[in-house]
Amino acid sequence: MNIPHLLILLHSSMRTSSTNSIMIGIAICDLIVLSENVYERVQGYWFYGSRNPCINDFKFWYLYSLLIGDFLLTVFERASFWLGVFLAFARLIIMKAAGTTLKISKPIFGYLLTLVLVGLSSVHSAYLYHGFSITQQGTWKPDRTCTGYPANYSEPTFVRRFAGDETVFSTRYKIIDGVSRILVSVFYPILAILLFFEIRKSAKFAAKTLSKTSFEERHRTCRMILVMTIFYVISSAPAGISDYVQLFGNLSTKSILLTLVGYGSIFISALFCLNASSHCIINFTMSSKYRQTVKMCLGMKK
(Lines give C-alpha, C1' and ligand atoms only; values in the text may rest on other atoms or scores of the structure.)
Protein backbone atom coordinates (compact mmCIF):
# COMPACT_ATOMS: atom_id res chain seq x y z
CA MET A 1 0.00 0.00 0.00
CA ASN A 2 2.89 2.37 0.69
CA ILE A 3 4.43 2.01 -2.79
CA PRO A 4 1.28 3.20 -4.65
CA HIS A 5 0.94 5.95 -2.00
CA LEU A 6 4.50 7.15 -2.67
CA LEU A 7 4.02 7.04 -6.45
CA ILE A 8 0.89 9.17 -6.15
CA LEU A 9 2.67 11.73 -3.96
CA LEU A 10 5.53 11.89 -6.50
CA HIS A 11 3.10 12.82 -9.28
CA SER A 12 3.71 16.36 -10.60
CA SER A 13 0.23 17.50 -9.52
CA MET A 14 1.05 16.67 -5.88
CA ARG A 15 4.52 18.28 -5.67
CA THR A 16 3.14 21.79 -5.15
CA SER A 17 3.73 22.61 -1.45
CA SER A 18 5.92 21.81 1.56
CA THR A 19 3.05 19.80 3.03
CA ASN A 20 3.16 17.36 0.14
CA SER A 21 6.97 17.26 -0.05
CA ILE A 22 7.17 16.44 3.67
CA MET A 23 4.59 13.69 3.11
CA ILE A 24 6.80 12.34 0.31
CA GLY A 25 9.66 12.17 2.82
CA ILE A 26 7.42 10.38 5.33
CA ALA A 27 6.31 7.89 2.67
CA ILE A 28 9.92 7.10 1.70
CA CYS A 29 10.94 6.63 5.34
CA ASP A 30 7.92 4.42 6.06
CA LEU A 31 8.55 2.32 2.96
CA ILE A 32 12.15 1.62 4.04
CA VAL A 33 11.07 0.73 7.60
CA LEU A 34 8.26 -1.55 6.41
CA SER A 35 10.58 -3.25 3.88
CA GLU A 36 13.11 -3.97 6.63
CA ASN A 37 10.37 -5.35 8.91
CA VAL A 38 9.12 -7.64 6.14
CA TYR A 39 12.65 -8.81 5.28
CA GLU A 40 13.51 -9.58 8.90
CA ARG A 41 10.23 -11.42 9.55
CA VAL A 42 10.42 -13.48 6.35
CA GLN A 43 14.06 -14.47 6.91
CA GLY A 44 13.53 -15.09 10.63
CA TYR A 45 10.31 -17.10 10.49
CA TRP A 46 10.69 -19.06 7.25
CA PHE A 47 14.42 -19.46 6.69
CA TYR A 48 17.25 -18.71 9.09
CA GLY A 49 15.17 -18.48 12.25
CA SER A 50 13.28 -21.72 11.66
CA ARG A 51 15.94 -23.86 13.44
CA ASN A 52 16.36 -26.03 10.38
CA PRO A 53 19.33 -28.38 11.01
CA CYS A 54 20.11 -28.22 7.29
CA ILE A 55 20.60 -24.44 7.18
CA ASN A 56 23.44 -22.44 8.65
CA ASP A 57 21.70 -19.71 10.67
CA PHE A 58 24.90 -17.71 11.16
CA LYS A 59 26.09 -16.91 7.64
CA PHE A 60 28.11 -13.75 7.22
CA TRP A 61 25.90 -12.11 4.59
CA TYR A 62 22.72 -12.81 6.58
CA LEU A 63 24.05 -11.30 9.83
CA TYR A 64 25.51 -8.37 7.92
CA SER A 65 22.18 -7.72 6.19
CA LEU A 66 20.44 -7.72 9.59
CA LEU A 67 23.00 -5.24 10.94
CA ILE A 68 22.46 -2.89 8.00
CA GLY A 69 18.71 -3.40 8.31
CA ASP A 70 18.70 -2.51 12.02
CA PHE A 71 20.66 0.65 11.27
CA LEU A 72 18.32 1.72 8.45
CA LEU A 73 15.23 0.89 10.53
CA THR A 74 16.28 3.11 13.43
CA VAL A 75 17.36 5.95 11.12
CA PHE A 76 14.20 6.15 9.04
CA GLU A 77 11.74 5.30 11.80
CA ARG A 78 13.04 8.21 13.90
CA ALA A 79 13.09 10.51 10.86
CA SER A 80 9.51 9.56 10.00
CA PHE A 81 8.22 10.52 13.44
CA TRP A 82 10.00 13.90 13.40
CA LEU A 83 8.82 14.59 9.85
CA GLY A 84 5.30 14.09 11.17
CA VAL A 85 5.97 16.69 13.86
CA PHE A 86 7.27 19.20 11.32
CA LEU A 87 4.35 18.43 9.00
CA ALA A 88 1.89 19.55 11.67
CA PHE A 89 4.12 22.48 12.71
CA ALA A 90 4.57 23.74 9.15
CA ARG A 91 0.84 23.53 8.49
CA LEU A 92 0.12 25.44 11.70
CA ILE A 93 2.53 28.25 10.73
CA ILE A 94 1.10 28.43 7.21
CA MET A 95 -2.44 28.69 8.61
CA LYS A 96 -1.47 31.45 11.03
CA ALA A 97 0.15 33.42 8.19
CA ALA A 98 -2.83 33.10 5.88
CA GLY A 99 -2.53 35.41 2.89
CA THR A 100 1.27 35.55 3.13
CA THR A 101 3.62 33.46 1.01
CA LEU A 102 6.18 31.88 3.35
CA LYS A 103 9.39 30.11 2.40
CA ILE A 104 8.33 27.07 4.45
CA SER A 105 5.31 26.66 2.18
CA LYS A 106 7.50 25.90 -0.84
CA PRO A 107 8.21 22.25 -1.80
CA ILE A 108 11.99 22.70 -1.46
CA PHE A 109 11.53 23.22 2.30
CA GLY A 110 10.10 19.72 2.70
CA TYR A 111 12.89 18.11 0.67
CA LEU A 112 15.64 19.90 2.61
CA LEU A 113 13.94 19.12 5.92
CA THR A 114 13.84 15.42 5.02
CA LEU A 115 17.55 15.39 4.18
CA VAL A 116 18.45 17.21 7.43
CA LEU A 117 16.36 14.93 9.67
CA VAL A 118 17.62 11.75 7.99
CA GLY A 119 21.19 13.05 8.35
CA LEU A 120 20.80 13.83 12.06
CA SER A 121 19.08 10.50 12.67
CA SER A 122 21.91 8.70 10.84
CA VAL A 123 24.51 10.33 13.10
CA HIS A 124 22.64 9.19 16.19
CA SER A 125 22.26 5.59 14.96
CA ALA A 126 25.88 5.49 13.74
CA TYR A 127 26.99 6.31 17.30
CA LEU A 128 25.81 2.85 18.38
CA TYR A 129 26.05 0.73 15.23
CA HIS A 130 29.56 1.79 14.17
CA GLY A 131 30.93 -0.38 16.98
CA PHE A 132 29.44 -3.63 15.66
CA SER A 133 31.33 -6.05 13.47
CA ILE A 134 30.70 -9.54 12.10
CA THR A 135 33.43 -11.95 13.18
CA GLN A 136 33.94 -15.67 12.68
CA GLN A 137 33.07 -17.79 15.69
CA GLY A 138 33.12 -21.46 14.75
CA THR A 139 32.10 -24.08 12.19
CA TRP A 140 28.70 -25.39 11.18
CA LYS A 141 28.05 -28.90 9.86
CA PRO A 142 24.74 -30.13 8.44
CA ASP A 143 22.81 -32.83 10.26
CA ARG A 144 23.26 -36.41 9.10
CA THR A 145 19.69 -36.42 7.81
CA CYS A 146 20.37 -33.48 5.47
CA THR A 147 20.77 -34.26 1.79
CA GLY A 148 22.57 -32.40 -0.98
CA TYR A 149 25.79 -31.79 0.92
CA PRO A 150 29.12 -33.50 0.08
CA ALA A 151 30.90 -35.63 2.66
CA ASN A 152 32.57 -33.74 5.55
CA TYR A 153 30.92 -30.50 4.46
CA SER A 154 31.20 -27.50 6.78
CA GLU A 155 30.70 -23.73 6.75
CA PRO A 156 32.10 -21.00 8.99
CA THR A 157 29.69 -19.44 11.46
CA PHE A 158 29.72 -15.77 12.37
CA VAL A 159 28.46 -13.62 15.22
CA ARG A 160 27.78 -9.92 15.73
CA ARG A 161 30.18 -8.42 18.26
CA PHE A 162 30.66 -4.94 19.68
CA ALA A 163 34.15 -3.45 19.91
CA GLY A 164 34.23 -1.78 23.33
CA ASP A 165 31.79 -1.43 26.19
CA GLU A 166 28.44 -2.05 24.54
CA THR A 167 26.52 -1.28 27.74
CA VAL A 168 27.82 2.30 27.89
CA PHE A 169 27.10 3.04 24.22
CA SER A 170 23.73 1.29 24.34
CA THR A 171 22.64 3.16 27.49
CA ARG A 172 23.56 6.56 26.06
CA TYR A 173 21.88 5.67 22.79
CA LYS A 174 18.65 4.56 24.48
CA ILE A 175 18.54 7.67 26.67
CA ILE A 176 18.76 9.98 23.65
CA ASP A 177 16.38 7.79 21.65
CA GLY A 178 13.91 7.72 24.54
CA VAL A 179 14.07 11.51 24.92
CA SER A 180 13.46 11.84 21.17
CA ARG A 181 10.41 9.58 21.30
CA ILE A 182 9.00 11.26 24.40
CA LEU A 183 9.45 14.71 22.84
CA VAL A 184 7.66 13.52 19.72
CA SER A 185 4.82 12.17 21.89
CA VAL A 186 4.60 15.51 23.73
CA PHE A 187 4.79 17.72 20.63
CA TYR A 188 2.13 15.78 18.72
CA PRO A 189 -0.82 16.40 21.08
CA ILE A 190 0.22 20.05 21.57
CA LEU A 191 0.33 20.60 17.81
CA ALA A 192 -2.92 18.65 17.38
CA ILE A 193 -4.71 20.93 19.87
CA LEU A 194 -3.25 24.09 18.30
CA LEU A 195 -4.24 22.85 14.84
CA PHE A 196 -7.77 22.09 16.02
CA PHE A 197 -8.29 25.59 17.41
CA GLU A 198 -6.61 27.20 14.40
CA ILE A 199 -8.96 25.31 12.08
CA ARG A 200 -11.96 26.55 14.02
CA LYS A 201 -10.56 30.07 14.21
CA SER A 202 -9.85 30.37 10.51
CA ALA A 203 -12.99 28.57 9.31
CA LYS A 204 -15.27 31.61 9.31
CA PHE A 205 -12.63 33.94 7.90
CA ALA A 206 -11.62 31.52 5.15
CA ALA A 207 -15.25 30.86 4.21
CA LYS A 208 -15.73 34.57 3.52
CA THR A 209 -12.46 35.32 1.70
CA LEU A 210 -11.87 32.10 -0.26
CA SER A 211 -13.93 30.35 -2.88
CA LYS A 212 -15.97 27.38 -1.73
CA THR A 213 -13.65 24.90 -3.46
CA SER A 214 -10.47 26.46 -2.02
CA PHE A 215 -12.00 26.67 1.44
CA GLU A 216 -13.08 23.01 1.43
CA GLU A 217 -9.68 21.80 0.17
CA ARG A 218 -7.84 23.83 2.79
CA HIS A 219 -10.16 22.57 5.53
CA ARG A 220 -9.72 18.94 4.40
CA THR A 221 -5.93 19.30 4.34
CA CYS A 222 -5.89 20.59 7.92
CA ARG A 223 -8.20 17.83 9.12
CA MET A 224 -6.05 15.25 7.30
CA ILE A 225 -2.90 16.45 9.09
CA LEU A 226 -4.79 16.53 12.39
CA VAL A 227 -5.85 12.89 11.97
CA MET A 228 -2.31 11.87 10.97
CA THR A 229 -1.00 13.66 14.07
CA ILE A 230 -3.36 11.69 16.31
CA PHE A 231 -2.21 8.42 14.71
CA TYR A 232 1.41 9.43 15.27
CA VAL A 233 0.72 10.03 18.98
CA ILE A 234 -0.70 6.53 19.32
CA SER A 235 2.24 4.88 17.53
CA SER A 236 5.11 6.89 19.06
CA ALA A 237 4.26 7.07 22.78
CA PRO A 238 4.57 3.33 23.63
CA ALA A 239 8.08 3.13 22.10
CA GLY A 240 9.37 6.02 24.22
CA ILE A 241 7.88 4.55 27.39
CA SER A 242 9.40 1.15 26.56
CA ASP A 243 12.91 2.66 26.21
CA TYR A 244 12.77 4.23 29.65
CA VAL A 245 11.27 1.15 31.27
CA GLN A 246 14.22 -0.89 29.98
CA LEU A 247 16.71 1.67 31.27
CA PHE A 248 15.30 2.53 34.67
CA GLY A 249 12.85 -0.27 35.44
CA ASN A 250 13.69 -3.34 37.50
CA LEU A 251 13.27 -6.11 34.91
CA SER A 252 13.69 -9.28 36.93
CA THR A 253 13.59 -12.69 35.25
CA LYS A 254 10.08 -13.96 34.48
CA SER A 255 8.53 -10.70 35.69
CA ILE A 256 5.35 -9.34 34.13
CA LEU A 257 7.20 -6.13 33.21
CA LEU A 258 9.87 -8.07 31.30
CA THR A 259 7.16 -9.98 29.43
CA LEU A 260 5.37 -6.76 28.52
CA VAL A 261 8.60 -5.18 27.25
CA GLY A 262 9.42 -8.32 25.25
CA TYR A 263 6.06 -8.54 23.54
CA GLY A 264 5.86 -4.74 23.46
CA SER A 265 8.51 -4.58 20.73
CA ILE A 266 6.25 -6.65 18.48
CA PHE A 267 3.27 -4.45 19.40
CA ILE A 268 5.27 -1.27 18.70
CA SER A 269 6.34 -2.58 15.27
CA ALA A 270 2.72 -3.43 14.51
CA LEU A 271 1.61 0.08 15.53
CA PHE A 272 4.20 1.67 13.25
CA CYS A 273 3.16 -0.55 10.33
CA LEU A 274 -0.53 0.27 10.88
CA ASN A 275 0.24 3.98 11.16
CA ALA A 276 2.33 3.95 7.97
CA SER A 277 -0.31 1.98 6.08
CA SER A 278 -3.08 4.32 7.24
CA HIS A 279 -1.57 7.35 5.48
CA CYS A 280 -2.80 6.19 2.08
CA ILE A 281 -6.37 5.76 3.38
CA ILE A 282 -6.32 9.06 5.30
CA ASN A 283 -5.05 10.96 2.25
CA PHE A 284 -7.58 9.35 -0.07
CA THR A 285 -10.58 10.03 2.17
CA MET A 286 -9.63 13.59 3.15
CA SER A 287 -7.84 15.13 0.15
CA SER A 288 -9.71 15.81 -3.09
CA LYS A 289 -6.41 16.58 -4.87
CA TYR A 290 -5.10 13.17 -3.80
CA ARG A 291 -8.23 11.47 -5.17
CA GLN A 292 -7.93 13.39 -8.44
CA THR A 293 -4.28 12.31 -8.77
CA VAL A 294 -5.27 8.69 -8.13
CA LYS A 295 -7.84 8.91 -10.93
CA MET A 296 -5.23 10.44 -13.26
CA CYS A 297 -2.72 7.68 -12.43
CA LEU A 298 -5.36 5.02 -13.10
CA GLY A 299 -6.38 6.66 -16.39
CA MET A 300 -9.88 7.45 -15.08
CA LYS A 301 -9.47 11.18 -15.65
CA LYS A 302 -7.69 13.05 -18.42
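Which residue's side chain meets that of D70 in a salt bridge? The partner is R160, with an N to O distance of 3.1 Å. The structure is a predicted model.

The structure holds four salt bridges. In the one formed by D70 and R160, distant parts of the chain are linked: D70 belongs to helix α3 (residues 60–96) and R160 to strand β2 (residues 155–162), 90 residues apart. R160 has a relative accessible area of 29%, and is therefore partly exposed.

E77, R78, D177 and R181 are linked in a network of salt bridges. R181 and D177 are separated by about one helical turn, because they are four residues apart in helix α5. An α-helix has 3.6 residues a turn, so residues three or four places apart point the same way.

Are the charged residues E77, R181 and D177 buried or exposed? The cut-off for buried is under 20% relative accessible area. E77 has 10%, so it counts as buried. R181, with a relative accessible area of 14%, is buried. D177 is buried as well, at 7% relative accessibility.

## Disulfide

The structure holds one disulfide. This bond joins C54 to C146, with an S to S distance of 1.9 Å. The torsion about the S-S bond of C54 and C146 is about -95°, so the disulfide is left-handed. C54 lies in the loop between α2 (18–47) and α3, and C146 in the loop between β1 (132–140) and β2, so the pair ties together parts that are 92 residues apart in sequence.

C54 counts as partly exposed because its relative accessibility is 23%. C146, with a relative accessible area of 12%, is buried. Another cysteine, C29, is buried at 1% relative accessibility.

## Helix α4

Helix α4 covers residues 107–129, which is 23 residues. At 1.5 Å a residue, α4 should span 33 Å, and this agrees with the 33 Å between its end C-alpha atoms. The buried residues of α4 are G110, L113, T114, L117, V118, S121, H124, S125, L128 and Y129.

## Transmembrane annotation

An unreviewed UniProt entry gives the feature "transmembrane region" at residues 82–102, 109–129, 182–200, 221–241 and 261–286. Over residues 109–129, the chain is 100% helix and 0% strand. The end C-alpha atoms of residues 109–129 are 30 Å apart.

## Nonpolar surface patch

Which residues form a nonpolar patch on the surface? The patch is made of I175, I176, V179, I182, L183, V186, F187, I190 and L194. Together these residues have about 680 Å² of accessible area. One of the patch residues is V179, which lies in helix α5 (residues 166–209). V179 counts as partly exposed, because its relative accessibility is 36%.

Terms used: Residues are numbered from 1 along each chain as its sequence is written. This is a predicted model: local features need pLDDT of at least 70, side-chain atom pairs count only at pLDDT 80 or more; totals for chains, interfaces and linings use all residues. Side-chain values use heavy atoms; hydrogens and water are left out. Helices (H or I, at least four residues) and strands (E, at least two) are DSSP runs, numbered from the N terminus. The expected span of a helix is 1.5 Å times one less than its number of residues. Buried means under 20% relative accessible area, exposed over 50%, partly exposed in between (1.4 Å probe, protein chains only). Patches are made of residues with over 30% relative accessible area and no salt bridge: like charges are joined within 9 Å, nonpolar side chains (Val, Leu, Ile, Met, Phe, Trp, Tyr) within 5 Å. Accessible areas come from the Shrake-Rupley method with a 1.4 Å probe; for residues, only the protein chains shown count as cover. UniProt positions are given in the numbering used here, feature names are shortened, and annotations may be inferred rather than shown by experiment. A disulfide is a pair of cysteine sulfur atoms within 2.5 Å.
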